[in-house]
Amino acid sequence: MPSAPSITVGVTAEVAEEWSWAAAHARIPQILALTLSLPEALENVRVAVTVEDGPEVFGSTVAFEGELASGVTTPRSVHLPLSARAMAGVDERRAGECVIRVEDRATGSLLGEYRQAVDILPRDLWSWSGDPRRKEQIDRLKHHYASIQQRLEEVDSGAEADELVQQRAGLERALANLLGHSRLVSRSLLASFSRPNHPDVLMLAREAAAIRGKRTGDPSFSAFQADDVAEAEREVEASVSAIYEALQARQISYSEPPPGWDYAESGQRIRDHGAVARSGLGTCMDTTVLTAAVIEHVGLLPVMVLIQGHIFIGYWRRNPEPPANGSRPEWFPATPAMNDAARIVELVEGGWLGLIETTAFTAGRRTSAADARVEARRRLESGLADGPVWIIDVAEARKAGVSPLPAVQERADGVTEVIEYRPGGARDVTEVPTPTREATGERIVDAHPPRYRTWKSSLFTLNARNALLNLGSGPSVQPLVLPPSGLGELEDRLNQDVEFELLSGYSIPEVYRAREIYNAAVLESDDVLRLLGDRRLYVQRISQARSSAGPISTTKFASEIRSMARRAKEAHDERGMNPLFLCLGALRWPLKDRSGALASAPLILVPVKIAVRRGGGFVLSLDTSAQTTPNAALIEWLRREYDLVIPSLSEPAADRAGIDVDAVLADVRNAIAARGLALDVASTASLALLDLAAFRMWQDLNIHGDAFLRHPLVDHLVHTPTEAFADAAVMASVDADTDSQLDALITPIPPTPRRSAPLCGHAKDAASCFRGHRARANPRRSPT
């Protein structure tokens, strides 16, 4: 083995203090100047760079391998890619350390090392600094500028003052150049948060295609294939309108940006497309990047329009790509980002750039696509008066190397899934396992015979008028404010006899109001789970009524919950059946009869009760007289519509307290994804009144099935329906006295000798009568 060199290599570097995933993904170097000082030449050297936090490595690269001459090397920049798997767990700012190691490749010995503390920014943060290497330069120049300004105030005139003025002018030019560069890079990097291959974007594109097909007769997105310019513009507008209506049907609620106080002056956090698209929350930024992703997915060209304090979506109405053997049109800017106000106005007024306001499709607005376009133009006019206006061309940014960030989404089974995209190839999917509640693997099995199960499933009406296949959004359905990770926890704690206080979304603690958060619907997931741990459960329904559209007030909440509790109690007292359920998870799909609207069928039904306190409060608890069950109507609908049977939904696995909700939702999501169906599994929770006669009869058959099957006639109909029926008990007691026969009869009302004697007298004819009926009946039809 060769001996290790006994020399020491000096290492210096200018390393960015903050590391952004978007900048790293765009291959922007984080190390501006890496310099090595060698006392003598080295033949076989490796320069390795990592950013790490103890044993956790966020990224690594080899900056150089080979021979190095003695002396000081030329400074070089180094780009270090950040691992998508590691960044999937970076939800908040993380402390890390950039480590540069110079090693002898032959022996592995360490020749030199440089370390510097760095901050890893959250994966969902759009940083306004843009190029991470320039931030420190700008800060140094600003500090130098401030010191010169202070010295000028101390010096009245003379040669020193003139020199200071010249230095200040030079610093102003340098700062302007650096700030202009950083803003341009930052705006361009915004395109990386638009992920056109996100699974939820694919679902939205399908929904938009269905809407477009109903509106125009053609569900395809092929605007730029039209030869006529006017026809191509009409096709673009029709496609964008269909996308707008598909997003509007998702009932996304508008909210302020997620809390992140240390980023208030340096960037904005952007929610994942899936969290927004699944009837979640969205800022103007969230809805804009989501809309851009859908527009890009269908082959059109999105342009994000950034004004002071707001952003909305634009799109090229004409194809800017040059024809064969031609040149680009003169109107096209051909740049990822631009802030030329006069040019932007010219593009809009000339009809090249279309605009539409994305917050207009949020829940409660009921704004048409045409009105949303008018609102966007009004926004642009006010934005031009307030400050600089930027347009970010997503397609041009892609050409400049700004590719979509990998999508990170939390699956219901507790696994974080990272989806990386490869241009021109299949996407890579990485699973990052996270701790989950222990499941026993035991199945809650429907042990009734197949024929008996068929009777139960035949009681349902499988269409959108059945509340079990379309919950609706009226006062009888109250959505809970609960993140996906809270569904299983809520069901478990209810099964552990834990009671929860039901509260209006506006009844949040004062500490949140001090942070200017006024409704639980805009709280972060961790805060909602923390309040759930305190047995507080928030309800926030979005009214669709024209007179009162938007989140219902605290007074309206109390009235509607009190009405639900009263109706549930009355139904239980009168009919012995509690119609109040906690609906966990939902399967959604576009309705055929109402373009853009979504049917929402609950997956799991948990029977619950609401108690009204004397002071006016409400308490939610488990109804122990009934059992948690999967939605049998949905199970039958999936079988009939798609020939799809999901065993884990029909016979859900149990955990230590009730059903393993997360596993059920994950299995349903995987099953429909494997078939490529246009269905969406949403991790939602709602309280609903499901007072359906068919459901009550089904539950009666389900709960008392064992008792019914012990009856000879039911046993015969289930197991031997085509054979002759002979009641052995009746035939054996034909010669017994009438009183004993009356005692043995099972009748709906207490029998008397006058009413029942004819039955006893004809006992011998019962079998023959039934045989005659069965002989004439269709043997394939189930008697019910």
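Predicted model: local features only at pLDDT ≥ 70, side-chain atom pairs only at ≥ 80, totals over all residues.

Visitor: What is the strand order in the open sheet of five strands with antiparallel pairing?
Guide: The order in that open sheet is S16-S18-S14-S15-S17, with antiparallel pairing; strands here are DSSP runs of E with at least two residues, helices are runs of H or I with at least four, both numbered from the N terminus, and two strands pair if DSSP finds at least two bridges between them. Strand S16 (337-338) and strand S17 (353-356) are at the edges with a single partner strand each, so one side of each is left without a neighbour in the sheet.

Visitor: And which helix packs on that sheet?
Guide: Helix H4 (residues 159-189) does, touching S14, S16 and strand S18 (390-393), where contact means heavy atoms within 4.5 Å. The direction of H4 makes about 50 degrees with that of S18; such axes are lines fitted to C-alpha atoms, for helices over the stretch in contact, and the angles run from 0 to 180 degrees between N-to-C directions.

Visitor: How many bridges join S14 to S15?
Guide: Six bridges join strand S14 (residues 302-307) to strand S15 (residues 310-316), and the two run antiparallel. Within S15, phenylalanine 312 is the residue opposite valine 305.

Visitor: What is the mean pLDDT of the protein?
Guide: The mean pLDDT is 82, and 81% of the residues reach 70 or more, pLDDT being the predictor's confidence in each residue, from 0 to 100. Over residues 433-444 the pLDDT is below 50, and this stretch has 34 contacts in the model beyond near neighbours in sequence. Residues 762-784 also have a pLDDT below 50, with 24 contacts in the model beyond near neighbours in sequence.

Visitor: Which strands in it run parallel?
Guide: S2 and S9 run parallel, joined by two bridges, and tryptophan 19 has isoleucine 120 in S9 as its bridge partner. Ten bridges join S8 to strand S9 (residues 110-120) in the antiparallel sense, and strand S4 (residues 42-53) pairs with strand S8 (residues 94-104) over eight bridges, again antiparallel. S4 and S5 are also antiparallel, with ten bridges between them.

Visitor: Can you give me a row of partners across those strands?
Guide: Starting in S5, threonine 61 stands opposite valine 49; valine 49 in turn has isoleucine 100 in S8 as its bridge partner, and isoleucine 100 has tyrosine 114 in S9 as its partner.

Visitor: What sits between S8 and S9?
Guide: The two strands form a hairpin with five residues between them, and glycine 108 in the turn has a positive phi of about 80 degrees.

Visitor: Which residues have a positive phi without being glycine?
Guide: Arginine 366 is one of them, with a positive phi of about 55 degrees, and its place is in the loop between S17 and helix H10 (369-386). Aspartate 497 is another, at about 65 degrees, in the loop between H13 and strand S24 (500-504). Most residues other than glycine have a negative phi.

Visitor: How do H13 and H15 pack?
Guide: Helix H13 (residues 486-495) and helix H15 (residues 525-533) pack at an angle of about 5 degrees, with their axes 11 Å apart. That makes H13 roughly parallel to H15, a label used for angles under 35 degrees, whereas those over 145 count as roughly antiparallel, 65 to 115 as roughly perpendicular and the rest as oblique. The contact is made by Gly486, Glu489, Leu490 and Arg493 of H13 and by Leu529, Leu532 and Gly533 of H15.

Key
Residues numbered from 1 in each chain as written. Heavy atoms only, no water.
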